[in-house]
Amino acid sequence: MKTKFNIPKTFFGFLTASVFFWLLINLSKEYDTTIVYDVEYIQLPQQKTLIETPINKLSLKLKSSGYNLFVASITHKPIKLNLNKTSKKTGTNYYFLSKDLTSDIQEQLKSSIELIEIKEDTIPIKIGTLSSKKIPLKPNLNITFQLGYDLSKPVTITPDSVLISGDETYIKSTKFLTLENISLENLSKSTNITSPIIFPENVQLKSSHSTAEISIDVDKFTEGEIEIPVFVKNAPKGINIFPKKVKIIYKVGLQNFNEVTPDLFKVECDYLQSKYKEVNYLTPQIKDLPDIVTLVRIVPNKIDFLIYE
């Protein structure tokens with residue numbers, strides 16, 4: 001037979017009241033404890049910038065009632081440090097001395113809480129001169145294409161440059177920023193990719209953009225050929241060349257195949273080069289060609305000549 005215990009409701013009432021009064025008595029006593037506060041830096045002078053991210057936490061030893069300390073530990077606001085009150089050491093090195101911050105921090109605490117100690121003796125800060133510059137972006141691509149496919153035109157980035165602001169020394173030395181690495185395999189169609197810009201760690205920078213869009217135009221390629229007349233530079237009187245035209249063999253994307261015309265090319269030989277090298281032929285070179293063609297070669301690669309007196 002099970003025994004049934006009946007606990008009077010008054011017992012729970014006395015227990016609750018006892019706990020309440022125990023907490024009330026203990027929370028009314030004075031204690032000292034350490035609470036970690038967030039730090040917010042204010043009043044940065046004009047034309048100045050933080051070079052590195054300074055410490056963002058302060059450990060404060062406080063004295064007050066248990067209740068006040070408990071509330072402060074869960075509801076405290078960030079401690080604000082006025083950058084106009086820093087001391088300068090050398091160059092861009094500045095600092096706060098904890099002993100100089102005591103009165104400012106005490107004013108930011110509730111009147112019932114006493115600041116006993118700031119655990120950090122010194123707060124180092126690097127402050128530089130603010131500067132701005134527009135710098136280019138560079139993609140970081142690793143691409144392989146399916147057989148017969150390739151870029152139909154150079155990769156484009158939008159925007160191709162960004163305006164950055166930060167410490168003058170860093171801004172002057174920065175030539176470009178790189179985009180995050182992207183690897184693409186067996187590519188056979190055009191694609192657009194948004195890539196984050198890689199910014200240096202622990203350097204305070206502002207940028208007009210945080211990402212850029214990379215446009216990769218891909219096409220199936222085929223081989224084409226076209227005849228182009230040869231122009232002779234520094235030609236003497238009476239020179240006669242053979243052949244007078246050469247074939248240019250090239251690769252081009254199918255979508256651009258019909259856009260390749262002879263007027264987009266220029267083939268030139270320099271007679272003086274052959275004279276200085278003491279050879280009896282001219283070497284044709286392509287001086288102009290459209291961006292849409294690749295792997296260009298000339299046939300023949302030597303031009304015979306005769307000079308009639």
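Buried means under 20% relative accessible area. The model discussed here is predicted.

Q: Why is Ser-59 called buried?
A: Its relative accessibility is 17%. The cut-off is under 20%. Therefore Ser-59 counts as buried.

Q: Where is Ser-59 found, and what is Ser-59 in contact with, leaving aside its neighbours within four places in sequence?
A: Ser-59 is found in strand β3. Leaving aside those neighbours, its contacts include Thr-34, Ile-35 and Val-36. Glu-117, Ile-118, Lys-119 and Glu-120 are also among them.

Q: How do you know that the buried residues of α3 line one face of the helix?
A: Helix α3 covers residues 98-108, and Ser-98, Leu-101 and Ile-105 are buried there. Seen down the axis of α3, the buried residues fall within an arc of 55°, so they line one face. An α-helix has 3.6 residues a turn, so residues three or four places apart point the same way.

Q: Which elements do the buried residues of α3 pack against?
A: They pack against β3, β4, β6, β7 and β8.

Q: Which residues have the most contacts inside the largest nonpolar core?
A: Leu-60 and Leu-62 do, in a core of 24 residues. Strand β1 gives the most to this core, with four residues. Leaving aside its neighbours within four places in sequence, Leu-62 is in contact with residues including Tyr-31, Ile-35, Leu-69 and Leu-115.

Q: What makes the pair of Tyr-250 and Phe-265 tilted?
A: The ring centres are 6.1 Å apart, and the planes are at 35°. Centres within 6.5 Å make a pair. Planes under 30 degrees apart would be stacked, and over 60 would be edge-to-face.

Q: Why is the pair of Tyr-271 and Phe-305 called edge-to-face?
A: Their centres are 5.8 Å apart and their planes are at 85°. Edge-to-face needs over 60 degrees. So this pair is edge-to-face. The pair links helix α5 to strand β25, with its two residues 34 residues apart.

Q: How do you know that Lys-138 lies over the face of Phe-176?
A: Lys-138 is at 4.2 Å from the ring centre. The distance limit is within 6 Å, and the charge must also be within 35 degrees of the ring normal. Lys-138 is listed as lying over the face of Phe-176.

Key:
Residues numbered from 1 in each chain as written. Predicted model: local features only at pLDDT ≥ 70, side-chain atom pairs only at ≥ 80, totals over all residues. Heavy atoms only, no water. Buried < 20%, exposed > 50% of the residue type's maximum accessible area, 1.4 Å probe, protein only. Arc of directions from axis to C-beta. Contact = heavy atoms within 4.5 Å. Core = buried A, V, L, I, M, F, W, Y, C linked by side-chain atoms within 4.5 Å. Phe/Tyr/Trp six-rings, centres within 6.5 Å; stacked < 30°, edge-to-face > 60°.
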